[in-house]
Amino acid sequence: MAEAYIRPDWDAYFMEVCRSVAKRATCERGRSGCVIARENRILVTGYVGSPPGLPHCDDAGHQLKRMIHEDGSVSWHCVRTVHAEQNAICQAAKNGIALDGATLYCKMTPCRTCAMLVISCGIRRVVCEKRYHDSADSLAAFAVAGVELVHLSGEVQQYENMQAQR
């Protein structure tokens, strides 16, 4: 007998769309996507990629910058691309779409900069597939601002050169 079909809940549905959007990303270090929805309707999507007209990592290679953390550890960040969350928020701005009260779906906990943008545009809920290794500032900001943060997995997203080195 065939197994009964189980319809996905809204979070699972939008996360699956997010994974599809991520396939357009142009930096293999963090091929991620973002979906922003309100009242179970998609408002905008975004993926990791360079701004229009600028070279992509997949074509020109990474533009890695060394970051020195407060504890003296060092990590490398690619600055050629715009994060998926940032691209989705920019798409909303370009198209006159208000994000107040929306839910943002993404691959991992947003970085501090993305968290500040999420809070500033009124997004009230963030659903992440996994955790980001350097998310303490984001977690604190979301807590103070009252943004609900949901992690579908406790696993930390892994990618090349993510760990800080002393």
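Leu 104 lies in strand 5, which spans residues 103-108. The model is predicted. Leu 104 counts as buried, because its relative accessibility is 0% and the cut-off for buried is under 20%.

- Leaving out residues up to four places away in sequence, Leu 104 touches Cys 34, Val 35, Ile 36, Glu 85, Val 118, Ile 123, Arg 125, Val 126 and Val 127.
- Cys 78 is 26 residues from Leu 104 in sequence. In space, the C-alpha atoms of Leu 104 and Cys 78 are 23 Å apart.

**Helix 4 against helix 5**

- Two packed helices are described by the angle between their axes and the distance between the axes.
- Helix 4 covers residues 112-120, and helix 5 covers residues 136-145.
- Their axes come within 8 Å and cross at roughly 15°.
- Helix 4 is therefore roughly parallel to helix 5, since angles under 35 degrees fall in that class.
- The crossing of helix 4 past helix 5 is right-handed.
- By class, the contact residues are 7 nonpolar, 1 polar and 2 charged.

**His 151 in strand 7**

- His 151 sits in strand 7, residues 148-151.
- Its relative accessibility is 18%, so His 151 counts as buried; the limit is under 20%.
- The side chains of His 151 and Thr 109 are joined by a polar contact of 2.6 Å.
- Beyond four places in sequence, His 151 touches Thr 109, Cys 128, Lys 130, Arg 131 and Leu 139.

**Ala 4 before helix 1**

- Ala 4 belongs to the segment before helix 1 (10-22).
- Ala 4 is exposed, because its relative accessible area is 61% and exposed means over 50%.
- Ala 4 and Cys 18 are separated by 14 residues in sequence. Their C-alpha atoms are 25 Å apart in space.

**Burial in brief**

- Leu 104 is buried at 0%, and His 151 is buried at 18%.
- Ala 4, by contrast, is exposed at 61%.

Terms used: Residues numbered from 1 in each chain as written. Predicted model: local features only at pLDDT ≥ 70, side-chain atom pairs only at ≥ 80, totals over all residues. Heavy atoms only, no water. Axes fitted to C-alpha atoms, helices over the stretch in contact; angles between N-to-C directions. Helix = DSSP H or I, 4+ residues; strand = E, 2+ residues; numbered from the N terminus. Parallel < 35°, antiparallel > 145°, perpendicular 65-115°, else oblique. Left-handed = near helix turned anticlockwise from the far one by under 90°. Nonpolar A, V, L, I, M, F, W, Y, C, P; charged D, E, K, R; others polar. Buried < 20%, exposed > 50% of the residue type's maximum accessible area, 1.4 Å probe, protein only. Polar contact = N/O pair within 3.5 Å; in protein donor to acceptor, adjacent residues only side chain to side chain. Contact = heavy atoms within 4.5 Å.
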